[in-house]
Amino acid sequence: MVRPLISALDGLDIAHPTTMNTEAQPRQGIEQRIVEQISTAVLLFDADLRLLYINPAGEMLFAVSARHVVGQRAKNLLPCPGTKLEAKLRAALEQSQAFTEREIVLTLGDGRHITVDCSVDPMHHFDAPDELLVELHQVDRHLRISREEQLISQQKATRALIRGLAHEIKNPLGGLRGAAQLLEQELPDPSLREYTRIIIDEADRLQSLLNRMLGPNRIARHRDVNIHQILERVLNLVLAESSGLEVQRDYDPSIPPLLGDPDQLIQAILNITRNGAQAAGKKGHLTLRTRVLRQFTIGNTRYRLVLQVEVEDNGIGIPREMQERIFLPMVSGTKGGTGLGLTIAQDLINQHGGLIECRSKEGETVFSIYLPLETGSE
């Protein structure tokens, strides 16, 4: 898309849109309107990498006014921790070489982080000073949708695998247990029954583990639920287990009732909150937050209203290499953990049409639960 935009900007009196030359030729005016109407952010820098022009889409992306940022250097407007973007922009000018960078994380002035695809193209006008055209396309939403679809697909595959394994294991396990019981009755020496009792107990333990992996086997009973009553119930259970834990509630009281199964929601949120409390420790901090998101997409379905529940702890965080696998069974970050809590929680929320996501760094781990408050619109 960069090349067509070059001709659109070429020859314009570069400034804020309201100050552009109103005596431009009709063709030039059409090109100007095209640049101003496209949804991609377009920025033009001079040879010193100072901003000459930013279109309305760019103003919206950076949440700034053009007259406040025109004249700023690229390094101030496009801060990219960990990348040498400014050096690459300067090299593009000097070598007249266009390039594209995918999924660059920009840190904006208000602290927000956005992910963009960045296309850069040098512009040369005979004897005129060199200029650099930068096109930014925000891809956060596309990345999130792709990640959510992957999570949903992963959960479906995991559930199918677990059900298949459970079926294959349950039948021989029942046979082993039954044979141990019969053998126990035939043993002449009571002291030998200790060994058959071990077989029976271990078979029962494995049966219990399989049942937990499969999750609730009863039919969900959906009704109108107050999410804050669910959260308070969960907090009461967690605080009874974690003395000294500091809890902060950040609720939106305007959230309408949610159609769901109270027991399943309690179980899902309890699994997440209990993990957060364990990660935070006895003197740690736990925050429960609720919000309503409008026109929000879960997977590939768009909803007018979506409930967001966040469970945040200040523990040591989840290792980066584990973050992509935490919803898989048998993946646990705690000693002695079965790794089933998050798998079951994700499954229960999926059954409500929702999804659980996680972001984590040292001192801050946030699990975000998204639940539709109405039927999807597309």
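A nonpolar core is here a set of buried Ala, Val, Leu, Ile, Met, Phe, Trp, Tyr and Cys residues joined through side-chain atoms within 4.5 Å, where buried means under 20% relative accessible area, exposed means over 50%, and partly exposed lies in between (1.4 Å probe, protein chains only). The largest such core has 47 residues, and those with the most contacts inside it are Ile 227, Ile 272, Leu 307, Ile 356, Phe 367 and Ile 369. The model is a predicted one, in which local features need pLDDT of at least 70 and side-chain atom pairs count only at pLDDT 80 or more, whereas totals for chains, interfaces and linings use all residues. Residues are numbered from 1 along each chain as its sequence is written, and side-chain values use heavy atoms, with hydrogens and water left out.

**Core and its elements**

- Helices (H or I, at least four residues) and strands (E, at least two) are DSSP runs, numbered from the N terminus.
- The elements that give two or more residues to the largest core, which has 47 residues, are helices H9 (227-241), H10 (262-280) and H12, together with strands S9, S10 (301-313), S11 (355-361) and S12.
- Of these contributions the largest share, eight residues, comes from H10.
- Helix H12 (residues 341-351) is mostly covered, with eight of its 11 residues buried, among them Leu 342, Ile 344 and Leu 348; just after H12, Gly 353 takes a positive phi of about 80°.

**Strand pairing around S4**

- Strand S4 (residues 113-123) has 10 of its 11 residues buried, so S4 is largely enclosed by the rest of the structure.
- Taking two strands as paired if DSSP finds at least two bridges between them, strand S3 (residues 99-107) and S4 pair in the antiparallel sense over seven bridges, and Ile 114 in S4 is the bridge partner of Leu 106.
- S4 also pairs with strand S5 (residues 131-138), in the antiparallel sense and over eight bridges, with Met 123 standing opposite Glu 131 in S5.

**Aromatic pair**

- Rings of Phe, Tyr and Trp (its six-membered ring) pair if their centres lie within 6.5 Å, and planes under 30 degrees apart count as stacked, over 60 as edge-to-face and the rest as tilted.
- A search of the whole structure finds one aromatic pair, formed by Phe 296 and Tyr 370, which is stacked at 4.9 Å centre to centre with 25° between the planes.
- This pair links distant parts of the chain, since Phe 296 lies in strand S9 (residues 285-298) and Tyr 370 in strand S12 (residues 364-372), 74 residues apart.
- Phe 296 is buried with a relative accessible area of 13%, and Tyr 370 counts as buried at 7%.

**Salt bridges**

- With a salt bridge taken as a side-chain nitrogen of Lys or Arg within 4 Å of a carboxyl oxygen of Asp or Glu, a search of the whole structure finds 15 of them.
- Arg 90 and Glu 86 meet in a salt bridge (3.7 Å, N to O); being four residues apart in helix H6 (residues 85-95), they are separated by about one helical turn.
- Glu 232 forms a salt bridge with Arg 249, the closest N and O atoms being 2.7 Å apart, and because Glu 232 lies in helix H9 and Arg 249 in strand S7 (residues 246-250), the pair ties together parts that are 17 residues apart in sequence.
- Glu 232 is partly exposed at 25% relative accessible area, as is Arg 249 at 41%.
- Asp 250, Arg 289, Arg 291, Glu 310, Glu 312 and Arg 359 are linked in a network of salt bridges.
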